[in-house]
Structures are given as C-alpha cells and as structure tokens.
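Hello,

Here is the structure I promised to pass on. Please have a look, and my notes follow below.

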Amino acid sequence: MTLPRSAPALGALSAGAVALCVYMRTVAPGLGFIDSGELSAVCCTLGIAHPTGYPLFTMLGWLFAHVPLPATPIARLNIMSAILCAGAVALLVLLFRRLCLAVLKKQESGSSFIAAACTGGLLLAFSSTFWAQALVIEVYPLHLLLVSMALLAFLRASEPLPGEARQEIWWQIFAYTVGLSFANHMTTVLLAPGLLYLYFARHGFTAPSWKRLLRMALPFCAALSLYLYLPLRAAAGPPMSWGNPVSPERFLWHVTGKQYRVWMFSSMDVVGRQLSYFFNDLPGEFAVVGLLLAAVGALVLIRFHRRLALGVGLLFAGCIFYAANYDIHDIDSYFLLAYICVGAAAAVGAAWLALRARALVPGAGRWAAPALCALCAVPLVAHYGDVDESADHLVEDYTANMFASLRPNALVISYQWDYWVSASYYEQLVGHVRPDVTVIDKELLRRSWYLKELERRHPRLIEASRGEVNRFLAEVSLFEHDLPYDPARIEAAYAGMISSFIRRSISERPVYVTGEIEPTYTAGFHRVPEGLALRLSPGAGEPPGPFPQFRYRPFPRAGRLEDVIRRLYADAWLARGEYCLGEFHDAAEARKCVDFAALYYPDYTRLRRLASLVPR
C-alpha cells in the first residue's frame, strides 16, 4: 500500500506530540539547579546571560515569559523547554526517515521506515539526558531544535531522494539555520567535522562547491548578527549584564567563553574521566535496547553507505572529543550531538530489521511497525522515575528558606550558585522577593565585570571599599589581559576586598556567609548560626537565631545536586547544634539539632561526630 505524501509529516508530528505529552507530565514546576534562576531572570528582563550570551535564546525566552498563561514566568519558561524538545523530536523523525531511505536505497511503500524513524526519535526523546533538557529552562532545548533543523536541511540539500529536484534553496535554509544555531550556542561548531566531510565528499573541491559556500555566507551572517544584541543591550544597562560586553574586547571575551577556558583541554586525566563516564553511562542512557538497535544500525551504515557512516561517525567523535576535554560536573548536555547520532543509528537499525522481517516472515509488515514503536516504552518506563521533575521544589524551597534566614537589609556572601545564588536572581529581579538583601557570589567576585555589576546595583557597598576594590581590579586586570601576573598578589588583594566588604558593612547591616566560605575570609569574626546562613559577629557569646522553621517539600530522588542540598540542610542544623554545645554547653539543643539533621542526611560523618558528644 502506497502511503500518502503527508504520512511522514504526520508520523513526525505524532512522535513530537507523544514526547510533548510526557514532557508536560514531568516538567519542573519552578526553579531548578545550576543556571535555571540566572537564565530565567535574563529572559524575563532581557539581560545578558553567562558566556557565550545566548542572544536568540534570551529573546525567545522573553516572548515565552510574557505569554498570557495562568502560570509563573519560570513555569512558562520550563514549558518552553518542553515544546522546543518536542519540536526537535519531530524534526529528528523526519531526519531519521530520510537517512534510512538514503542508506537502504529503497522507495517507501509502507509504514516501516516511518515507524523506524519514530522509534529512533522516541528512543532519543526518552533517553535520560535528552528528556532532562525538556523539563527545566536551559539553552539546550533550543540548541537541539536548531541542530535538528540544520541536519535535516543539510541532508535534504545534499542527498535528495529519487524524484526530488535538487533545490538550491535548501542550502540557504541550512546556512541560515546554522547561523541561528550559533546565535544560540557556540557548540554548533561540532557539526563542522562531519558536515564538511559529507559536503566535499559529495560535491568535491570544485568551483561550484566553493561558490555555493560563498552564497551561503550571507544567510549565515544575517542570522549570526543576532549577537549584536549583546553590546546593544549591555549599553542600555539591563538589570543583569553578565560580562558587561559593551566594548569590542569584552564582547569577544564573552562570545568566545574566555572565562571557561581554564576548564578546557586541561589534562589527560580529565579526558579519561569524562570518556569513562560517557561510555559507562551510554547503555543506561538508552535503556540498553536503543544501544542494541544503534549497533545494528552502525553496521548497516558501514555496509550500505560508507560516506554517510563516516559523516555520522565524525559528528559522534567530534562531540565526544570536545566534551571529554571539558572539566565540569554537569557535562551530560555536551554529549547531546553524540546521542543524536546514536538515535540516528538506532533508526537505521530498526528500518533494516523491519525490512528483513518482511522478507523472511510472511505478513510481518502488519506487526513490524507496532513492534518497533513498542520498543520506545522501554526507556520511557526505565527513566520516568529518574527524570521526573514534576514534584521537585528543592531549589525553590531552599532559596525561600535562605531568604527567611536573613535579617532585613542583610549582606550575604555565598558560593552556593547551583543551589540558591542563581535562583536569587530570579526571585529578586522577577519575583521582587527580598530586594533589601545584597547577595554576593564569592567566586564571581574574582571577575572585574561582576564588581561593575555590583557597583551599579549596590553603589554604597563598592564606594565604601573603593581603595580595596581598585587594588584588586589592578591585579586581576593583568590576569584577564593575559599579562604576567602574581597569583599571590591577586589572592591577597581579593581577600582584602572581601574583608573590607565585611568590616565596612557590619556596623550598619547584618552580614552573613554560608558554610562553605573559608574561615580565612572571615578572620576576626565569630560565626553565629541563623537558619541556613551564618551571621558574622565581632564578639563571642551571641545566642543563635530563632529555632529554624524550614519549609521543605521532600523529593526522594538521589543525585549529586539533590544530595548536596539535603546535606546543606543537615549542615545548618549541625552548625547550630555545635554552636549551642560549644558556646553554651546546651546538650539538649544540640541533641535536637542532631535529630533534625538526621531527617535530611542521616548517613553523615559530621552528624555522627556530634551525636557521639550528646548521647541520649
């Protein structure tokens, strides 16, 4: 039976709709870990995000944040991620079907290839990393959509199917889409090895090929010009302007991610650790079944279309090489292009198996398509509990509890970006929660742009310590401009600046730190536990703050970030218990604190140590 021309599009839309339904069921209700708060604040206020700036994402996010839906801005932005990822799934289904037809060189007369493409698309949609991108605000959902669109346009332009005219317009669409993708995320460059190989292997190093590339430069640059948003908006002084990219120098630093180069290509130990993480995690990423199909598909690609096999292999290897050289914890999203390659191979494997089944088993065509689609339920069931964010209020509650711990007009220095400092940007700039509190990220203080940002938002703080700030800026400028510098002088000026902030503020406002701030930065002051923070006091013997009444909605999933935030609650209770025991010999209060800490993080050495000092 010949399928209608609309069948592939209907199949792709159906797969995208299925993915969207699942994503909407599991989407986060509010703020998430790491950059969620910062990115949502940037979108809502048309600010400047952390490098590389993400101008297209920012403008699209602003539109979504202002859609008149009965939801908070952060909830709308999380929904945006779900919609973008579902759109990527639909485009990937079209891409995978076209890839199957190109590899197996058969005209589609039934539903098997559409089913195979949907299988590859949904196996990818319900892989743990891809699924996680759909649930909270991040730049990667838009990246997935644009990369999928670029790959589809490239394959359509370079490998037209029988009966399709070779239309030059597809090269223009491809170039414009790649430009848009660069205007969202610079890791679009990872498409280059595979696509450049496929382009020149198919079209050769001929004059027409080079002329076509020159013609593609115009739509590419037109899309890339969205980066002009960064200096233009920064010059207007938005509420949040990371990097302050108003000058050509700072603009270049921002879009090239200079701030993060210290974590790139640092050592072979990093490569080994990241590669080990990727390959150990890969079977579980696709719940094994997807990887088995991909293994079949890789062999089929090599046998029937070695050029495409090498192109896909270069996309996969380029992604892995780049990500393996990036020394960060949250590396999973940098493997997404590799996971797309696995999904593509799985689709080809499913298509080949469907063809073999039809050839070997009479009537197999009737059940092959449903059987393939049923495979998608495996990662859906396997990963649902691990990725579901629908009841995750950990960051939202922790941020609210942190603000509740602080007295009016407080100054707080913290290094808990992933858990509440990032979220505080959204709460203060968008939700207008606790505008009286000055939040300082200790490590961002090492950057000159951050001090300019603090001066704009909190001029009295900087003016009171002008001498110390200028001394630090003079030292750190050498580092930022790649000139000879003395690390000891930078650190001394940095510590002196933090000390000045504390000393010149403490007489007129309460000053707090969080527990991870090293004692060397608060020398001369006593730390008095108050909720989740530690108030600095010039003298000893001050009573602790009121007994904490945290609002905490348990979220049972284990994970690096989830476990740390539970430990931070336990640390707050234990700090109070240790303080009451050491300063006032109040064993009963210390015992009570031990009991509360055990509710959050029972298997903890610090807890056992304090418990041994206050037996029942």
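Let me start with the loop between helix H2 (36-45) and helix H3 (55-65), which is where Thr52 lies. Helices here are DSSP runs of H or I with at least four residues, and they are numbered from the N terminus. A cis peptide bond joins Pro51 and Thr52, with omega at about 15°. Tyr54 is found in the loop between H2 and H3 too, and Tyr54 has a positive phi of about 50° although it is not a glycine. Tyr54 is buried, at 5% relative accessible area (buried means under 20%, exposed over 50%, partly exposed in between, with a 1.4 Å probe and protein chains only).

Ile34, in the loop between helix H1 (7-26) and H2, is not a glycine either, yet has a positive phi of about 60°. Ile34 is buried, with a relative accessible area of 16%.

Now to a helix pair. Leu151, Phe154 and Ser158 in H7 meet Leu195, Leu198, Tyr199, Arg202 and His203 in H9, where contact means heavy atoms within 4.5 Å.

Some notes on reading all this: the model is predicted, so local features need pLDDT of at least 70 and side-chain atom pairs count only at pLDDT 80 or more, while totals for chains, interfaces and linings use all residues. Residues are numbered from 1 along each chain as its sequence is written, and side-chain values use heavy atoms, leaving out hydrogens and water.

Best wishes

How values were computed
Helices (H or I, at least four residues) and strands (E, at least two) are DSSP runs, numbered from the N terminus.
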